[in-house]
Amino acid sequence: MRRFSDDFPILSQDNNGKRLVYLDNGATTQKPQQVLDAVNRYYLTENANPHRGVYDLAMRATDAHENSRAAVAKFIGAPEDSVIFTQNTSEGLNLIAYSYGRAFLKPGDEVLIYVAEHHSNLVPWQWVAKTTGAELKYLYPDENGRLTVEELDKKINERTKVVAVAHVSNVLGLETPVEEIVKRAHAVGAVVVLDIAQSVAHMPLDLVKLDVDFAALSGHKIYAPMGVGAVYGKKALLEKMPPFLSGGDMIAAVHEYRTTYAEVPRKFEAGTRNVGGEVGLAAAMEYVSSVGWDTIVSQEEALIAQTLEGMNVLPYVKVYGEATAAGRHGVISFNIDDVHPHDVATILDSDGVCIRAGHHCAQPLMEHLGIGSCCRASFALYNTEEDVQALLQGLKHVREVMGLGS
Amino acid sequence: MDLKELYSQIITENSRSTRNRRPVPGATISLEGVNPSCGDDITLQLRVEDGVVQDAGFIGSGCAISQASASLMIDDIIGKTEEEARRLIKLFFGMIKGEADGDELDDLEDAAALQGISHTPARVKCAVLAWHTLEEALDGKQPEEF
């Protein structure tokens, strides 16, 4: 079988004298040679400022920018003219919250979000609620860490104008019932904002079929460089929204006291874009497609099942969210009895294993779970059974170092 | 990475100690200190009278290093003048930066066991959380939010 880790040069190095076991893919993924080459090729052969020059090189840079948009659109199942390039998911969700939320929300309206949201799909809505007078309301998971239809039915009503949820929680790793959310939200005239940062690298997406109104992703969580992301929005909504940032390239005509805007999506892309990053994002999505979803999904599910099985026999490990591989994508969050997550992460680091410890930018969820923080092991297509074994061995080592036996 | 230096017995035992983990009756100062990136969260309470730290305690949660550091710091400052407490804060920061060493660390007593953190940059913020919070508390800092 092909070892995908061979495509990722960074993974061949040591970590604290041990083999590097990278299990912090929920934070950011490593980049394959194919992506690094594509970015390099752009700067070596095609770089100029898109949409500005009339010379051939500038046309090629424009093509690189627009072809990348087409590749991203195809990958997420969206029309090309409805995809906006951003820096990352946070910027994308701010764009949606500001341009849609501030323009169309008013006192008496409700914005409904999931308590498990990443801060990037939470803080912007807090701001928008404060500035518009709309009310922020929360959905809560059941005891298995799942967002249920019953909870949706309890919270969605005729005052609901926006429902903003993550497709997959970056902490619980569990998929939210998007189709059920969309059905109920649309029935009361609300729009659905889907944060796909955590799902985009782990499952095929068809946003038009899902019928969500907006979505946002980060490239760096799907093997692309940092600093590039994308927003999807239904064209009719994007057209009636005011711009997010204003300035260069987002205009049609500027006079001393008035400006007309460029067409969607350029209306939302002010200033010179990160075209090298966009080329990298397109290359990363091509790379994922070349590996194939069948391979990625079955391989990651098997690794998650093995990890959960291994954790299950360690009485001092507690997993958050139902400890099953079904409907779980890329993420396992857990704690070790009587050991703080930071200490777990430091001790695992000494074994070469990189995991995340902390609140994972989801403090309201931590409060809801009654914990300050937790550990998170998160997977990518290059992880192997050896990585899982290194993690499980490391968990036993943690207890020893902290003087708690193993 | 030397785990034995990082997680010495003084650290692991003090991290679980309940000695200083308590609210302070009649506290004159109470300030929360957090490490936003990781969730270490302590609320430091002091009863300062006539320029002397008469009593001190903390509540909160965090990693072994942050909690041990808070507890050991409280051992150091109870009964000390504000001025003396500030001197110890400076000394502790100096130790963490690798600028203070040897006998001069004796005044930190068991808190000197955190010296090993200077070799683990990722955990420095855990070790200094309580001390930063103490400094801010003595400076009269108020919490802020939007």
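Author: In this predicted model, a network of salt bridges links A:Glu110, A:Glu135, A:Lys137, A:Glu158 and A:Arg159. Within that group, the side chains of A:Lys137 and A:Glu110 meet in a salt bridge with an N to O distance of 3.6 Å. Because A:Lys137 belongs to strand β6 (residues 135-139) of chain A and A:Glu110 to strand β5 (residues 110-114) of chain A, the pair ties together parts that are 27 residues apart in sequence.

A second pair in chain A joins A:Glu239 to A:Lys235 by a salt bridge, and here the closest N and O atoms are 3.6 Å apart. These two residues are 4 residues apart in helix α8 (residues 235-240) of chain A, which means that about one helical turn separates them. A:Glu239 counts as partly exposed at 43% relative accessibility, and A:Lys235 counts as partly exposed at 27%.

Turning to chain B, B:Asp139 forms a salt bridge with B:Arg86, with 2.9 Å between the closest N and O atoms. Since B:Asp139 lies in helix α5 (residues 124-139) of chain B and B:Arg86 in helix α4 (residues 82-96) of chain B, this pair ties together parts that are 53 residues apart in sequence. B:Asp139 is exposed, with a relative accessible area of 52%, while B:Arg86 is partly exposed, at 32%.

Over all chains the structure holds 30 salt bridges, and the count between chain B and chain A is 1. That bridge is formed by the side chains of B:Arg123 and A:Asp343, which meet at 3.0 Å, N to O. The elements that give two or more residues to the side of chain B that touches chain A are α1 (3-6), α2 (9-16) and α3 (64-77) of chain B, and the residues of that side divide into 11 nonpolar, 4 polar and 3 charged. The contact as a whole takes 18 residues from chain B and 21 residues from chain A. Between them the two chains bury about 1500 Å², 59% of it on carbon and sulfur atoms, and across their interface there are 7 residue pairs in polar contact, with both residues at pLDDT 80 or more.

Definitions and conventions. Residues are numbered from 1 along each chain as its sequence is written. Chains are lettered from A and ligands numbered from 1 in the order in which they are written. This is a predicted model: local features need pLDDT of at least 70, side-chain atom pairs count only at pLDDT 80 or more; totals for chains, interfaces and linings use all residues. Side-chain values use heavy atoms; hydrogens and water are left out. Contact means heavy atoms within 4.5 Å. Buried area is the accessible area (1.4 Å probe) that two parts lose on being put together, summed over both. A salt bridge is a side-chain nitrogen of Lys or Arg within 4 Å of a carboxyl oxygen of Asp or Glu. A polar contact is a pair of N or O atoms within 3.5 Å; within protein, one must be able to donate a hydrogen and the other to accept it, and residues adjacent in sequence count only if both atoms are side-chain atoms. Ala, Val, Leu, Ile, Met, Phe, Trp, Tyr, Cys and Pro count as nonpolar, Asp, Glu, Lys and Arg as charged, and the others, Gly among them, as polar. Buried means under 20% relative accessible area, exposed over 50%, partly exposed in between (1.4 Å probe, protein chains only).
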